[in-house]
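Here are my notes on the salt bridges, as promised. Have the model open while you read.

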Amino acid sequence: MAIETLDRPLRYFLCIAELGSLSKAADKLDQTQSGLSKQLGALESNLGQPLFVRTGRGVELTEAGTKLYDALAPAFREIDRAVDSVRRQGVTHGTVRLATVHTLSYYFVAEVFSLFVSTHPDVNLSLLSRSSPEVVALVENGKADLGFVYDSAVDCGTLTSKPLFEDEMALVVLDGSPFESPQDLSTLSLRLVGFPAHYALRRMIHSAGLQATYVAEAETIDAMLKLVSSGVGHCILPSRIPDRLLADYGLRKVSIEHPPLRRRVVAISSTGKVMAPLTSDLLACVLQVAEQLQRST
């Protein structure tokens with residue numbers, strides 16, 4: 001086996017050694033088990049030494065295999081690190097466009113921005129707050145690199161979605177309102193301030209079968225809260241909306257016992273496009289913040 005052809009079988013060897021199984025390594029490498037076994041046999045023949053012994057649970061390194069693994073593993077890690085570093089040179093500047101539904105701007109997006117900017121100080125993050133259908137369209141059309149929506153809005157094969165966390169709704173009322181937690185909304189005739197009809201939250205409330213009369217519509221959270229503070233009606237928003245924001249308007253949250261109003265937040269990206277390194281870094285921050293948010297609930 002010529003030296004220039006050794007890279008692939010050596011990487012296969014490392015994978016088998018780390019997983020301790022030919023079948024698991026074949027799955028990870030997207031190879032057939034017989035094909036991987038032939039590659040390993042050719043490598044062992046080239047080296048003149050057996051590298052593994054079969055056990056009841058898989059394979060184990062021989063003395064020669066252990067020696068080879070100990071020499072190769074750190075070397076290949078350094079090679080991969082160097083290649084990645086070179087590939088990412090010049091990817092410290094630029095713009096990443098993030099589209100999100102309005103509600104997430106108040107309790108999720110800020111934490112994502114803070115984490116991302118702390119490691120990418122020279123990158124510009126452009127934020128577009130829209131309705132769920134508009135966020136989907138922006139990502140589909142390539143006008144946004146990443147989007148945050150509710151999973152009910154994603155029904156096309158052109159987008160890839162990653163689950164982030166569950167969002168539970170609450171009733172927002174005047175601070176002096178007689179409503180107490182938890183509340184069964186199915187027994188009430190509600191007067192609501194809400195998003196326009198094409199918004200995912202509005203559609204969710206309708207699907208829950210609530211008896212609601214919409215007395216006003218608004219496209220921003222602040223406008224909605226201002227209307228509720230005037231006493232024209234209540235509104236339904238995610239329970240993670242900060243209490244301090246509601247307090248500024250003389251409002252508070254009431255938990256909802258029935259019907260269950262929950263929805264899953266997902267991150268969406270274009271299926272047909274290779275994700276740019278900066279977008280990939282942003283998504284990693286998104287997943288980290290989402291995990292922290294889930295642990296705190």
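1. Start with R11, which is partly exposed because its relative accessibility is 28%. (Buried means under 20% relative accessible area, exposed over 50%, and partly exposed in between, with a 1.4 Å probe and protein chains only.) D80 also counts as partly exposed, at 38%. Keep in mind that this is a predicted model, where local features need pLDDT of at least 70, side-chain atom pairs count only at pLDDT 80 or more, and totals for chains, interfaces and linings use all residues. Residues are numbered from 1 along each chain as its sequence is written, and side-chain values use heavy atoms, leaving out hydrogens and water.

2. R11 and D80 pair up through their side chains in a salt bridge, 2.9 Å from N to O. (That term means a side-chain nitrogen of Lys or Arg within 4 Å of a carboxyl oxygen of Asp or Glu.) R11 sits in helix α1 (residues 7–19) and D80 in helix α4 (residues 63–87), so the contact ties together parts 69 residues apart in sequence. Helices (H or I, at least four residues) and strands (E, at least two) are DSSP runs, numbered from the N terminus.

3. Next, look at E217 and R202: their salt bridge has its closest N and O atoms 3.0 Å apart. E217 belongs to strand β9 (residues 211–217) and R202 to helix α7 (residues 200–207), so this pair links parts 15 residues apart in sequence. E217 is partly exposed at 47% relative accessibility, whereas R202 is buried at 15%.

4. Back to the R11 pair: salt bridges with shared partners join D7, R11 and D80 into one network. The whole structure has 11 salt bridges.
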